[in-house]
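Here is a friendly walk through the model on your screen.

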Amino acid sequence: MLSNAVLLAALWLGVGARAVVVASTLLDIGVIVWLHRHLTSAYVERMTASAAAMMDAVVTVAPDRSIVLFNPAAEAMFGYAARDVLGKSIELLIPERLRERHRRHLEQFTSGGEANRRLGRPGEFAALRANGEEFPIDASVMQVGEGAGKLCTMILRDATRRLEERVLAERLAAIVESSSDAIVAVDAQGRVTHWNPGAERMTGYAAHEVLGRRPDMLYPPEHPSIAARAMQGERFVEHVSRRIRKDGALIDVSQSMAPIHDEHGNVTGLSAVARDITAQLAVEKARADDIKRLQRLARRLMRVEEDQKRLLGRELHDQVGANLATLGLSLQLMRQQSDPATIASLSTRLEFCEDLLRQTTAAVRSLLGDLRPTALDDLGLLAALRQLAAAMAGTGVMRFIVEGDEPSPRLAPDASIALYRIAQEAFTNAAKHSGGSRVHARLSQEAGHLSLVIRDDGRWVKQPEAAPLPAGLGLTTMRERAQAIGASLEVTTGAQSETVVIARLQRKHEPAMVPA
């Protein structure tokens, strides 16, 4: 060594032996330090060149925990330029609450014989950006050198997105497991890969009974699976089909199915969400049956009502009409057969009786028209509506106009009287409440639909915003009459706040049509 040569030269020159030994030792130490610094510098230079191309952040620290390498990915991650952190303590990048833990982990690693290891558990450590923001990191560390010259290189990765994805995955898993709906996943071969508790409850099959198998036992022969179409990329939302439970019971399910794609867009399986709607469909069917029964009952009651009106009209016409006619003839005979003096003395009373007779006769005729319009049976709905409009216009309150075409074939009696009564109620409401001057009604038939539209030029009573249209007894009766014949009834306001009543009847739903 160089120190041995120095020792021989010193002895030859006559220098003291002790001084020579001290000088020799110091020289050896200097050489060792120079070599260490030279080798460390070379390592850092090589690491800097290779770390610059790495996607992960790379930070190298010296034994005194000062930063000696800070690659571009670390600059982007922490928000520091390398020149601002080189030579500073690694604790600059660590939140204060975690610095002691980080120091212990690093000391345990450097004191052991491992060349590299993960620093802590995933997500255990957090780092600190230049702006003071904390974020989770995953860290791996490796060491180079020995003893006091040992360097530690940490490879860091921002774990924010991974932790967020893990939290989201855990949350979704909790939702899937706690869902009352059946949630199932299958692979590209149709084998079950997920079977949640909701699926167990709905089908009766435990997860271990179906995982890894095709769920063909759930499909009745007459209800083919839609999985093949979903594998081609087709989506199904609330598709209603049937399934067979483990106990053999047949259930109705509403199922939504969608393909699962990989990162290249290839279908790797299917996910399905299904709900047992057997009870719901039973309730809906019962409700539909109840509605049909109520419609039949309403139609029967309307028929009874119209029959009673017809009978009452006949009684009024035959009995009251005959009596009024007889009374009129009697008054006429009294005038003809009485002497002029008697007529003169009774003139005022006779005129009163004749005027009262005329008013009563007019009232009975109007009542007869309300009880059963004769034009409805004889001429049809359009003619009856025009007759009604003429009678309403005679009151002088409003103008009533009826346009359109007579339905062909002629409407059945139940349908014609129901639409007539709806128009009668609409006309009456307009006269009483609209404050307008004109009512227009149009009867039309197109593509198997019969429409009766009644519009006035008055103003609807102002309601609060978003308030529903008022539903009085008259409107309720109109709706009941429409429902009884399978028609729809809509009452709205027009562009000028006028009232619009629209009744629509599908001729195929019309009860018992009769030829015109």
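D456 lies in strand β14, which covers residues 449-456. This is a predicted model, so please read every value below as computed from it. Is D456 buried or exposed? D456 counts as buried because its relative accessible area is 8%, and the cut-off for buried is under 20%. Setting aside residues up to four places away in sequence, D456 touches A430, S434, R438, V439, E498 and T499.

D181 sits in the loop between α6 (160-178) and β7 (182-187). With a relative accessibility of 13%, D181 is also buried. Beyond its neighbours within four places in sequence, D181 is in contact with N196, G198, A199, V273, A274 and R275.

Now turn to E446, which belongs to strand β13 (residues 438-446). E446 is exposed, because its relative accessible area is 65% and exposed means over 50%.

| Residue | Location | Relative accessible area |
|---|---|---|
| D456 | strand β14 | 8% |
| D181 | loop between α6 and β7 | 13% |
| E446 | strand β13 | 65% |

## The mixed sheet and its helices

Strands β13 and β14 belong to an open sheet of five strands with mixed pairing, in the order β12-β13-β14-β16-β15. At its edges are β12 (399-404) and β15 (488-493), each of which pairs on one side only. From one strand to the next, the twist averages 15°. β12 pairs with β13 in the parallel sense over six bridges, and V402 has A441 in β13 as its bridge partner.

Helix α13 (residues 381-393) lies across β12, β13 and β14, and runs at about 170° to β12. Helix α14 (residues 413-434) packs on the sheet, where it touches β12, β13, β14, β15 and β16 (499-506). The direction of α14 makes about 10° with that of β14.

## The antiparallel sheet

Another open sheet has five strands in the order β8-β7-β11-β10-β9, with antiparallel pairing. Its edge strands are β8 (192-195) and β9 (236-244), each pairing on one side only. Neighbouring strands in this sheet are turned by 30° against each other on average, direction ignored. β9 pairs with β10 (residues 250-261) in the antiparallel sense over seven bridges, and I244 stands opposite L250 in β10.

## An enclosed space

How many cavities of 30 Å³ or more does a search of the whole structure find? The search finds one, and the largest cavity holds about 110 Å³ of space. It is lined by 13 residues, of which L93, I94, H102, I137 and L156 are the closest to its centre. Strands β4 (125-128), β5 (134-144) and β6 (151-158) each supply at least two lining residues, and β4 gives the largest share, three residues. By class, the lining has twelve nonpolar residues, one polar residue and no charged residues.

## The whole protein

Stepping back, the protein has 15 helices and 16 strands. Of its 516 residues, 36% are buried. Among contacts with a separation of 6 or more, 52% join residues 24 or more positions apart.

Notes. Residues numbered from 1 in each chain as written. Predicted model: local features only at pLDDT ≥ 70, side-chain atom pairs only at ≥ 80, totals over all residues. Heavy atoms only, no water. Helix = DSSP H or I, 4+ residues; strand = E, 2+ residues; numbered from the N terminus. Buried < 20%, exposed > 50% of the residue type's maximum accessible area, 1.4 Å probe, protein only. 1 Å grid on protein atoms, 1.4 Å probe; cavity = no way out; pocket = protein on both sides within 12 Å on 5 of 7 lines; lining within 4 Å. Points joined across faces, edges and corners; volume = space filled by probe spheres on them. Nonpolar A, V, L, I, M, F, W, Y, C, P; charged D, E, K, R; others polar. Pairing = 2+ DSSP bridges. Axes fitted to C-alpha atoms, helices over the stretch in contact; angles between N-to-C directions. Contact = heavy atoms within 4.5 Å.
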